[in-house]
Amino acid sequence: MVQLFVSEPLRYAQAFEILVERYQGKVFGLSLRMMGNREEAEDQAQEVFVKVYRSLARFEGRSRFSTWLYRIAVNACLDAIEKRRRRPQAADVEWSDLAETEPVDTELLRWHAPTPEQAYLHKEQSSVVYSALSKLDESHRQAIVQRELEGLSYQDMASHTRIGLSAMKMRVHRARKALASVLQQQVQMGMA
């Protein structure tokens with residue numbers, strides 16, 4: 001694709017458009033889970049593709065393109081979250097929107113298509129979990145999203161947040177406990 005960029009810019013633009021169409025659902029879903037806000041997620045997804053466009057010539061191919069794109073998306077979201085942390089504002093997230101985002105691992109879904117009942121139950125369960133996630137503090141929510149929803153390793157999480165591996169494992173453990181506590185409260189209140 002890099003060679004295409006240099007030799008035929010018009011075809012490069014068309015090829016890039018295909019990449020955007022292919023990955024925009026995953027990038028938006030990741031951004032929404034990390035940002036917790038639809039508008040910010042849309043902005044971040046757009047920003048990710050701008051960054052990819054500008055830096056595609058530096059893609060060395062040592063990893064899959066999707067891995068490289070995912071790393072850019074995670075870093076962009078983490079940077080935006082850090083900026084947002086410096087200027088606090090209320091989150092206007094509709095966590096139920098997350099239940100409708102593209103799943104991270106679509107290959108598993110291809111092997112086992114859910115029945116309508118299973119799809120409904122999944123959507124309801126997702127809604128309950130995302131509602132509980134919205135009640136967690138930012139660091140716990142990020143830990144759950146990155147580890148459980150996006151499947152990042154502890155090492156990757158630690159390196160991107162610039163904390164130690166042991167501290168990251170403890171953060172995920174505490175986040176899981178906090179999430180379980182919120183879910184338990186919802187069950188007791190009859191919300192789940």
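Biologist: Before we start, what does "buried" mean here?
Modeller: A residue is called buried when its relative accessible area is under 20%, exposed when that area is over 50%, and partly exposed in between. Keep in mind that we are looking at a predicted model.

Biologist: Great. Is Arg141 buried or exposed?
Modeller: Arg141 is buried, because its relative accessible area is 8% and the cut-off for buried is under 20%.

Biologist: And which residue does Arg141 form a salt bridge with?
Modeller: With Glu138; the closest N and O atoms of the two are 3.0 Å apart.

Biologist: Where do Arg141 and Glu138 lie?
Modeller: Both are in helix H7, which covers residues 138-149. They sit three residues apart, about one turn of the helix.

Biologist: So how does Glu138 count, buried or partly exposed?
Modeller: Glu138 has a relative accessible area of 21%, so it is partly exposed.

Biologist: Why would side chains like these pair up at all?
Modeller: Side chains of opposite charge can pair when their charged atoms come close.

Biologist: How many salt bridges are there in the whole structure?
Modeller: A search of the whole structure turns up four. One of them joins Glu148 and Arg176, at 2.4 Å from N to O. That pair links distant parts of the chain, with Glu148 in helix H7 and Arg176 in helix H9, 28 residues apart.

Biologist: Are Glu148 and Arg176 buried or partly exposed?
Modeller: Glu148 counts as partly exposed, at 41% relative accessibility. Arg176 is partly exposed too, at 35%.

Biologist: What about Arg71, which residue is its partner?
Modeller: Arg71 forms a salt bridge with Asp156, and their closest N and O atoms are 3.6 Å apart. This pair also links distant parts of the chain: Arg71 belongs to helix H4 (residues 65-86) and Asp156 to helix H8 (residues 154-161), 85 residues apart. Arg71 is partly exposed at 22% relative accessibility, and Asp156 is partly exposed at 29%.

Biologist: Switching topic, how many residues does helix H9 have?
Modeller: Helix H9 has 24, running over residues 165-188. From its first C-alpha to its last it reaches 35 Å, close to the 34 Å expected at 1.5 Å a residue.

Biologist: Which residues in H9 are buried?
Modeller: Met168, Val172, Ala175, Leu179, Val182 and Gln186 are buried. Arg176, also in H9, is partly exposed, as we saw.

Biologist: Last one: what follows H9?
Modeller: Gly190 follows H9, and its phi is positive, near 80 degrees.

Notes
Residues numbered from 1 in each chain as written. Predicted model: local features only at pLDDT ≥ 70, side-chain atom pairs only at ≥ 80, totals over all residues. Heavy atoms only, no water. Helix = DSSP H or I, 4+ residues; strand = E, 2+ residues; numbered from the N terminus. Expected span 1.5 Å × (residues − 1). Buried < 20%, exposed > 50% of the residue type's maximum accessible area, 1.4 Å probe, protein only. Salt bridge = Lys/Arg side-chain N within 4 Å of Asp/Glu carboxyl O.
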